[in-house]
Amino acid sequence: MLKMPDVFLLFCLVGVTNALYKQWIPDTNYENKTNWDKGVVPCGNDKVQFSVQRKVSVYVETTHSVQEMRLPVGGEFILNSGAGFYVGGGQEPGCGAGGTHQFKDSESSQWFNPALWQAATTLDDLQNGHFLFSVHEESVPCQYDDVVFKARSSFRVDTTSSKPSIPVQTVSVLGKTFSSRSEFSQYLSSGSGRLQFHGSSTVSVGNSGCADPSGCDCGNSVSHERICGSVTCSPLTCKKPLRPVGHCCDVCGAIVTIHYTIGFNLQTYRQRLQHLFLVQPSYKSIQLGMSKVFKSQRFMGIIPFGASAEIQIVLLDGKTGPQAGMVAESLARDILKDVHSQGSHLGIAGAEFQASSGSSNSDDLGSSTEMVVGIVFGLLILLTLVAILVVLVRKRVIHMPQISMPSMPSMPSLSSLKKNSDIGELGGPLDHGFDNPMFDKPTTLPALPSLYGTEVNGSISLTQSGVHFVNPVYDENETDFNA
Ligand SMILES: *[C@@H]1O[C@H](CO)[C@@H](O)[C@H](O)[C@H]1NC(C)=O
């Protein structure tokens with residue numbers, strides 16, 4: 001039995017950990033050599049060019065010497081304290097004869113490009129590079145995620161989408177976390193905000209987090225086309241490639257499906273798999289992506305009756321050739337073994353896997369009897385329905401919509417039967433055998449305030465005017481200066 005404080009701790013843990021941190025990878029930093037056309041940061045003998053029309057916010061970490069600088073009309077420098085530019089440092093070691101360096105275009109960096117995000121469960125994990133693998137749809141921030149733009153970084157992101165707004169829980173820019181809708185929209189309309197975010201949709205913060213311990217729907221399936229538009233799938237070598245829910249490409253590997261019940265905690269279970277399996281040397285190459293997904297359910301494989309929520313675990317091993325997916329498959333078997341022995345303590349009712357080698361397996365804990373009962377019950381109802389129909393047809397009731405009472409003495413019972421055997425009502429009892437029990441029990445406890453909360457990086461001079469005046473040669477009327 002858990003004592004009160006333990007229970008409280010458990011709930012706190014749930015509140016904090018059920019959303020993920022999604023960090024934007026590209027930056028528009030002056031010091032990042034990938035932002036320069038020649039792949040190097042310009043030095044004292046070089047001429048620096050920003051094309052006149054560029055709308056960009058550029059973070060400068062340190063001091064740089066340049067020979068000449070051509071600035072854009074509508075951009076900004078965000079200078080770290082002590083950062084700046086000076087002329088005449090050509091003698092610094094490693095600086096060549098000099099040339100013209102152009103700051104590269106960052107217009108095409110799309111919010112919905114899954115390759116431009118990395119995910120982690122905590123800010124520490126983000127910092128230390130312990131990233132999570134996810135299917136493409138969930139690589140892009142989900143509606144309950146915390147979005148992070150690196151603290152000492154500038155960026156430019158195109159938020160164009162088919163919807164007017166992109167809901168997320170919080171957004172951190174330059175070390176400041178925005179969790180209030182109004183505060184963030186105010187930031188978006190500021191000079192920096194407009195340089196950093198462009199495109200048709202507005203990012204809106206203040207969406208509630210995921211309060212369901214068993215996980216929440218990411219909400220990005222509406223943007224599936226847009227997300228997959230920037231993904232190129234690689235050729236596969238396995239026999240039966242699989243397509244995980246929310247992914248843009250077929251994969252070689254294995255997919256484990258977990259049928260959860262009350263007490264299941266997505267985050268705890270992810271940690272369990274991490275500590276039990278992923279630490280093993282043989283599973284070093286494994287990428288594990290785990291989330292709640294909705295699969296449409298079909299009665300006897302044909303008649304759709306709604307969607308059921310289950311936990312999808314995607315396992316990829318990065319192997320190619322005939323070995324592709326084999327390590328992932330052996331992990332899938334290990335996971336099923338674990339479910340078989342411990343599942344009832346973990347809130348797992350059953351599990352099954354499919355592998356790209358063509359094999360599959362399932363393990364239903366106890367629920368298999370319920371399933372059989374459900375099927376038998378369903379079949380019985382179906383048979384009854386058929387029998388009633390036969391009777392009705394024989395008595396020609398079905399061809400006689402208007403029946404006068406006296407001519408049919410047995411009519412009252414028949415009409416009531418007909419009412420009860422309405423197809424729509426029959427769908428109800430049929431469902432029960434197949435529906436996964438889903439226990440959405442939102443915790444009433446509020447999420448803990450983000451540890452990162454109000455932390456502001458003090459070393460960065462953020463003020464607009466300050467930024468423009470630290471650099472004495474930055475002048476909107478005169479975009480050219482010579483040494
Ligand atoms: C430079 O930018 C690239 C691509 O935008 C990014 O992957 C890389 O992490 C950045 N480098 C540093 C040191 O931040």
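Gln23 has its place in strand S1, residues 21-24; strands here are DSSP runs of E with at least two residues, helices are runs of H or I with at least four, and both are numbered from the N terminus. With a relative accessible area of 9%, Gln23 is buried. Buried means under 20% relative accessible area, exposed means over 50%, and partly exposed lies in between, with a 1.4 Å probe and protein chains only. Leaving out residues up to four places away in sequence, Gln23 touches Leu116, Trp117, Gln118, Leu126, Val148 and Lys150, where contact means heavy atoms within 4.5 Å.

The model is predicted: local features need pLDDT of at least 70, side-chain atom pairs count only at pLDDT 80 or more, and totals for chains, interfaces and linings use all residues. Residues are numbered from 1 along each chain as its sequence is written, and side-chain values use heavy atoms, with hydrogens and water left out.

Let me turn to the chain as a whole. The protein chain holds 12 helices and 21 strands. Of its 483 residues, 45% count as buried. Among contacts between residues at least 6 apart in sequence, 69% join residues at least 24 apart. The accessible surface of the protein chain comes to about 24800 Å², and 58% of that belongs to carbon and sulfur atoms; such areas come from the Shrake-Rupley method with a 1.4 Å probe, and for residues only the protein chains shown count as cover.

Next, the ligand. Which residues are around the ligand? They are Ile25, Pro26, Asp27, Asn32 and Thr34, a residue being counted if one of its heavy atoms lies within 4 Å of the ligand. An oxygen atom of the ligand is 2.3 Å from an N or O atom in the side chain of Asn32. For Thr34, the distance from a polar side-chain atom to a ligand oxygen is 3.1 Å, and for an N or O atom in the side chain of Asp27 it is 3.5 Å. The ligand taken alone exposes 360 Å², of which the protein buries 47%.

I now come to helix H4, residues 181-188, in which Phe184, Tyr187 and Leu188 are buried. Why do these residues lie on the same side of H4? They cover an arc of only 100 degrees around the axis, which puts them there; the arc is that of the directions from the helix axis to the C-beta atoms. On the other side of H4, Ser182 and Gln186 are exposed. The buried residues of H4 pack against several elements, including strand S13 (170-173) and strand S14 (176-178).

In the loop between S13 and S14 lies Leu174. Its phi is near 50 degrees, a positive value in a residue other than glycine. Most residues other than glycine have a negative phi. Leu174 counts as buried, at 2% relative accessibility.

Finally, helix H8, residues 326-346, contains Leu346. The C-alpha atoms of Leu346 and Tyr260 are separated by 8.6 Å, although the two residues are 86 apart along the chain. Beyond its neighbours within four places in sequence, Leu346 is in contact with Gly263, Phe264, Tyr269, Arg272 and Asp338.

Notes:
A polar contact is a pair of N or O atoms within 3.5 Å; within protein, one must be able to donate a hydrogen and the other to accept it, and residues adjacent in sequence count only if both atoms are side-chain atoms.
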